Amino acid sequence: LIQLYAPLNFLGVLYREIRQALTDIERMFGLLGTEREIRDRADAIDMPAGPHTLRFEAVGFAYDARRPVLHEVSLEVPAGHTLAVVGHSGGGKSTLARLLFRFYDVTVGAITINGMDLRQIRQASLRQAIGIVPQDTVLFNDTILYNIQYGRPDARREEVIAAARAAQLHDFISALPDGYDTKVGERGLKLSGGEKQRVAIARTLLKNPSILIFDEATSALDSRTEQAIQTQLEAAAQGRTALIIAHRLSTVMNADQIVVLEGGRVIERGSHTELLALDGAYAGMWRLQLQERAEG
Ligand code: ATP
């Protein structure tokens, strides 16, 4: 993967940052090898200053014109709030995040940030403002320090350590024989899914974006790890505008607002309590998860 991007190296820090975001997002969305056709408009401008309010305004989208994937999706994430998107597989959850990152342009409607249409914003400045914690983080064959620092290549060692502490990785790293200089990745130390997600959280904390996209791992975590990730997620979402593709009870419950996406449509929205009272699709999913948890 690194080799793939090697020619970009000389272009410096800016490209390194964009490349990191792209690497994670491509992995997150399975987009490796796909062509990106989105170009900045000649008159594109930088992102408005944060904090950022996100709005999807009657968004329709189709990867293939013959098969629409999103239909009239309207939602708002006020600055500093957390929106969790839930729903069955294939409902369009990841597509929302892809559109927000502008891997594709909407087919109908608009996505706005502080009222500004995404299509007016320079992509580099948009991606600079968004931090992504993907399900499966790419680790490079380098030190753990380098892997965290990737969130902000000019960060000092102390800043990397502070981010690792906040992501509850510091004690784990300190206990390794080579500490922060331990090599990780395919040819180094293998990290567990939970540890990798924590590296991604540390990277994001270091990057300090005003918008956070968190793609929660679907794979089962033991309850202690789940609790730890939940705590770190809340810390990472603090003061940011967060869009969470959620799979777990604990994450969903704590969101300011929950949207249920089915077949590309918002079929329910509200707080956890409101949706339970509604006794519809969300309440059904909730009962199912409780049951699974009790059995598991
Ligand atoms: P999951 O929970 O399984 O990740 P999801 O709710 O995130 O699912 P999306 O990944 O957004 O769902 O996919 C929504 C629909 O769009 C699916 O029917 C999927 O097959 C389709 N789709 C996703 N990516 C592409 C693509 N690159 N080209 C064509 N169709 C796609």
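Let's start with A202. Leaving out residues up to four places away in sequence, A202 touches I148, A163, A164, A167 and L169. This is a predicted model, so keep that in mind as you look around.

A202 belongs to the largest nonpolar core, which has 68 residues. Along with V85 and I244, A202 touches the most other members of that core. Which helix gives this core its largest share? That's helix α8, residues 193–207, with six residues.

## Around the ligand

Now over to the ligand. Its surroundings are made up of Y63, D64, V69, G87, S89, G90, G91, G92, K93, S94 and T95. How many residues of each class does this shell have? There are seven polar ones, two nonpolar ones and two charged ones.

The largest share comes from α3, which supplies three residues.

Next, take a look at helix α12, which covers residues 281–295. From its first C-alpha to its last, this 15-residue helix reaches 21 Å, close to the 21 Å expected at 1.5 Å a residue.

## How confident is the predictor?

Finally, the scores. The chain has a mean pLDDT of 87, and 87% of its residues reach 70 or more. For the model, ipTM is 0.97 and pTM is 0.85.

Conventions: Residues are numbered from 1 along each chain as its sequence is written. This is a predicted model: local features need pLDDT of at least 70, side-chain atom pairs count only at pLDDT 80 or more; totals for chains, interfaces and linings use all residues. A residue is near a molecule or strand if its C-beta atom, placed from the backbone, lies within 6 Å of it. Helices (H or I, at least four residues) and strands (E, at least two) are DSSP runs, numbered from the N terminus. Ala, Val, Leu, Ile, Met, Phe, Trp, Tyr, Cys and Pro count as nonpolar, Asp, Glu, Lys and Arg as charged, and the others, Gly among them, as polar. A nonpolar core is a set of buried Ala, Val, Leu, Ile, Met, Phe, Trp, Tyr and Cys residues joined through C-beta atoms within 7 Å. A residue is buried if 20 or more other C-beta atoms lie within 10 Å of its own, exposed if 12 or fewer, and partly exposed in between; C-beta atoms are placed from the backbone. Two residues are in contact if their C-beta atoms, placed from the backbone, lie within 7 Å. The expected span of a helix is 1.5 Å times one less than its number of residues. pLDDT is the predictor's confidence in each residue, from 0 to 100.
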